[in-house]
Number of protein chains: 4
Amino acid sequence: MSDAAAARPLTGRGRRTRQRLVDAARVVFERDGFLNSRLVDITDEAGTAVGSFYTYFDSKEAVLEAVFDDVREEMVHARPARPAVDRGPIGTIEAANRSYLDTYRRNVRLMALLEQVSTTSDRFLQLKRSRVRAFRERNGRAIADLQADGLVDPDLDPYLAAEALSHMVSRMAYETFVLESGWDFETLVAGVTRLWTNALQLTDRVEC
Amino acid sequence: MSDAAAARPLTGRGRRTRQRLVDAARVVFERDGFLNSRLVDITDEAGTAVGSFYTYFDSKEAVLEAVFDDVREEMVHARPARPAVDRGPIGTIEAANRSYLDTYRRNVRLMALLEQVSTTSDRFLQLKRSRVRAFRERNGRAIADLQADGLVDPDLDPYLAAEALSHMVSRMAYETFVLESGWDFETLVAGVTRLWTNALQLTDRVEC
Amino acid sequence: MSDAAAARPLTGRGRRTRQRLVDAARVVFERDGFLNSRLVDITDEAGTAVGSFYTYFDSKEAVLEAVFDDVREEMVHARPARPAVDRGPIGTIEAANRSYLDTYRRNVRLMALLEQVSTTSDRFLQLKRSRVRAFRERNGRAIADLQADGLVDPDLDPYLAAEALSHMVSRMAYETFVLESGWDFETLVAGVTRLWTNALQLTDRVEC
Amino acid sequence: MSDAAAARPLTGRGRRTRQRLVDAARVVFERDGFLNSRLVDITDEAGTAVGSFYTYFDSKEAVLEAVFDDVREEMVHARPARPAVDRGPIGTIEAANRSYLDTYRRNVRLMALLEQVSTTSDRFLQLKRSRVRAFRERNGRAIADLQADGLVDPDLDPYLAAEALSHMVSRMAYETFVLESGWDFETLVAGVTRLWTNALQLTDRVEC
DNA sequence: TATGAATGAGCATTCATTCAT
DNA sequence: CATGAATGAATGCTCATTCAT
């Protein structure tokens, strides 16, 4: 009905209440999952009345979206600590994988949550797909460039390769951190990086 | 309380009703998803009374399990049409990928279903994990053998490689068939096979 | 609908099946109570099919009635082992109390059952009331006779006395054997007998 | 899960709704019995939505408990109109019996209800037993005192006597008021009092 | 008679959302 | 803005009873 989220011009007090709700929602969702959680758990955690929830959000989904908005920056722009150093293609890939896996590890609960809701809600499925697309485009272009330089197997479809290798890494992350399948972090980084660079037939050696 | 599904002789009539319910459940689950479906939808589809459901199953989860049991044969034993022909390592991998992707394609709705329930129910998560494990062990051993023969990159952990590459393929299958991301089937088979064999540094050429 | 119980001319086989059901019902009712028990428990215990139940009984209540019929003889006609010996009024009362309490003790579960169903079903309430009435009439007449002989407090209403004292004993039996309140059997017999005879001002001494 | 009935501040409006539900529950339980009544009957009677029930109570049992709490005062503290007057032991016993029987009569439906639920629910069985215990202790001590003064038959176990005589009276009350067996109130009071005092051999006469 | 599959009314409970204060 | 009481649709599950074989 009312577009609560649109009523943006919040007072300072309003902004604080809203933030408390988002933080509480994150705690509750990460703890109980989206489907098991109840609105009242969120408002209890936030220390507000249930009614107040609807001052800021239209539904349970809306607050989940706000939760993802809140952490998007961190998740998408996750960058290696020393971004500017040029390490050659293989070093770059390793750094990217390490960075991705580390971010995943630090946000396990949230990633598990995204996994869950994306099988149920179209809205969050789109969110996930847009992440997939972003990865594919970015990496696909990079791979195509490397192909143009003769550094990568020319027989590969660069975008398919980019997407497939991304899935490989993200799925390993899911298995390792969410389902706790037991791979050691460094083994994981080294392993997926080796597979990735092998898959591309990437060579940073000058030799013929 | 009572495990209805358990050891019960079942008359011919009973067997038929049970089967009607399993078939109906598959239809409903594939159409509406597991969470959205109601028991009464299943019994309506099967043309039985609600009570009859509980003659054969204890819960919605139990009938889903029966659905998976019902298609397990097909899914697990999916084999290439010409299994006996020796095509060398690369040909074998391509055949396996083609077979897997084809099976996935033919059971899309069911795979999507498994994806959904495995984020919610521990029981089905285990089902999925056991499939992951089976793939890892089988392929991991094969890779180790190839390493012993000097045909595969010796720097790889064979089991990590097996798991990661399996995920790569299954995730591409999910994206392509469930989310309909648009990859052409043959492009997909060729692409993941190439990535897979490259990743292993697999060579079937005799030359140095 | 059909008056199953009326279809009396049973074959030998029928009579045996019916008896198996009554026996099974007694076991189940005593174990689970009337309200908690399910028909299928009874037929399972009897080793018959559910459908067979309705060949002999019209309802769950009907079989309970048959259970009570089955033990009525024993319960109502409970008589002291040596009935013919004349022990004087007090000795007779003690013998009757002992006999009653012993019978109660040996049929605790059934008495508890009667207690339960008589608060729910009018049919069994009547059964209980008829037992109360029988006691009152029998004992009331005896008390009136003793009054006529000058052996009992003439100010008492003999029937009210009979009923009240019966309740006193039956309630003590309930507390002691069903709720297991802990009174020793002999203490109980002696105690209620003393109260009973005192209450009647019964004197078996010849003196003035 | 949550104990709704527990520590909750309750606004005035909330308090009123809760009371409406308790009152409605009493009406419904007394009319239909505990087992036959449905939650929706209670909320209909109270004029609230079903959901509101669970704002204040966790179950049907919980509201029954509240009903008993509500009348406990009246039932336990039922005292003769002229409590302070000393009437001697017999007068005191008569006053207590009259008071008890009068209270019982005024709360017949509730007493019948307690009778019913105590055969089914352990919780309410305990409630009843604690009442029995309270009576036994109070009266048992009083009887022991009278024995010490030589006013009561020394051969009696004072606590067994107290319990047995209490049962006698309460059972007569049940028969008379719940089952409407027809005893006149004054006849009943006089009868049970006479039996009680006789049973104790209580004498307030000075004579030899 | 015996079987056991089929029936379906009945009911407690949850929880997102609304709204009076 | 905040509160929290009120709402009521939605649904899984039980089990006495029926009936086709």
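**Figure 1. Secondary structure of chain A in the predicted model.** Helices, here, are DSSP runs of H or I with at least four residues, strands are runs of E with at least two, and both are numbered from the N terminus. By that definition chain A of this predicted model has nine helices and zero strands, and the order of elements along its sequence reads α-α-α-α-α-α-α-α-α. Of the 208 residues in chain A, 35% are buried. Among the contacts in chain A with a separation of 6 or more, 65% are made by residues 24 or more positions apart.

**Figure 2. The contact between chain A and chain B.** Chain B brings 28 residues to this contact, and chain A brings 27 residues. On the side of chain B that touches chain A, at least two residues each come from helix 6 (108-117), helix 8 (158-178) and helix 9 (185-200) of chain B. Helix 8 of chain B contributes the most to that side, with eight residues. Sorted by class, the side of chain B that touches chain A holds 13 nonpolar, eight polar and seven charged residues.

**Figure 3. The contact between chain C and chain D.** Here 28 residues are taken from chain D and 27 residues from chain C. The elements of chain D that each supply at least two residues of the side touching chain C are helix 6 (108-118), helix 8 (158-178) and helix 9 (185-200). Of these, helix 8 of chain D gives the most to that side, with eight residues. The side of chain D that touches chain C is made up of 13 nonpolar, eight polar and seven charged residues.

**Figure 4. The surface near DNA strand E.** By class, the surface near DNA strand E divides into 16 nonpolar, 18 polar and six charged residues.

**Figure 5. The surface near DNA strand F.** DNA strand F is surrounded by 40 residues, of which A:Thr11, A:Gly14, A:Gly51, D:Thr17 and D:Gly51 are the closest. The elements giving two or more residues to this surface are helix 1 (12-32) and helix 3 of chain A, helix 2 (39-46) and helix 3 of chain B, helix 2 (39-46) and helix 3 of chain C, and helix 1 and helix 3 of chain D. The residues of the surface near DNA strand F comprise 16 nonpolar, 18 polar and six charged.

**Figure 6. Helix 1 and helix 2 of chain D.** The axes of helix 1 (residues 12-32) and helix 2 of chain D come within 8 Å and cross at roughly 125°, which makes helix 1 of chain D oblique to helix 2 of chain D. The crossing of helix 1 of chain D with helix 2 of chain D is right-handed. From helix 1 of chain D, the residues D:Arg20, D:Leu21, D:Ala24, D:Ala25, D:Val27, D:Val28 and D:Asp32 meet D:Asp41, D:Ile42, D:Glu45 and D:Ala46 in helix 2 of chain D. This contact is formed by seven nonpolar, no polar and four charged residues.

**Figure 7. The surroundings of C:Val132.** C:Val132 belongs to helix 7 (residues 122-148) of chain C, and because it has 18 C-beta neighbours inside 10 Å, C:Val132 counts as partly exposed. Apart from its neighbours within four places in sequence, C:Val132 is in contact with C:Glu163 and C:Ser166. C:Ser170 is 38 residues away from C:Val132 along the chain, and the C-alpha atoms of these two residues are separated by 10.0 Å.

Figure 8. Most residues other than glycine have a negative phi. A:Gln201, a residue other than glycine, has a positive phi near 55°, and A:Gln201 lies in the segment after helix 9 (185-200) of chain A. With 18 other C-beta atoms within 10 Å, A:Gln201 is partly exposed. D:Glu180, likewise not a glycine, has a positive phi near 50°, and D:Glu180 is found in the loop between helix 8 and helix 9 of chain D. With 9 other C-beta atoms within 10 Å, D:Glu180 is exposed.

How values were computed:
Residues numbered from 1 in each chain as written. Chains lettered and ligands numbered in written order. Predicted model: local features only at pLDDT ≥ 70, side-chain atom pairs only at ≥ 80, totals over all residues. Contact = placed C-beta atoms within 7 Å. Nonpolar A, V, L, I, M, F, W, Y, C, P; charged D, E, K, R; others polar. Axes fitted to C-alpha atoms, helices over the stretch in contact; angles between N-to-C directions. Parallel < 35°, antiparallel > 145°, perpendicular 65-115°, else oblique. Left-handed = near helix turned anticlockwise from the far one by under 90°. Buried ≥ 20, exposed ≤ 12 C-beta atoms within 10 Å, placed from the backbone. Near = placed C-beta within 6 Å.
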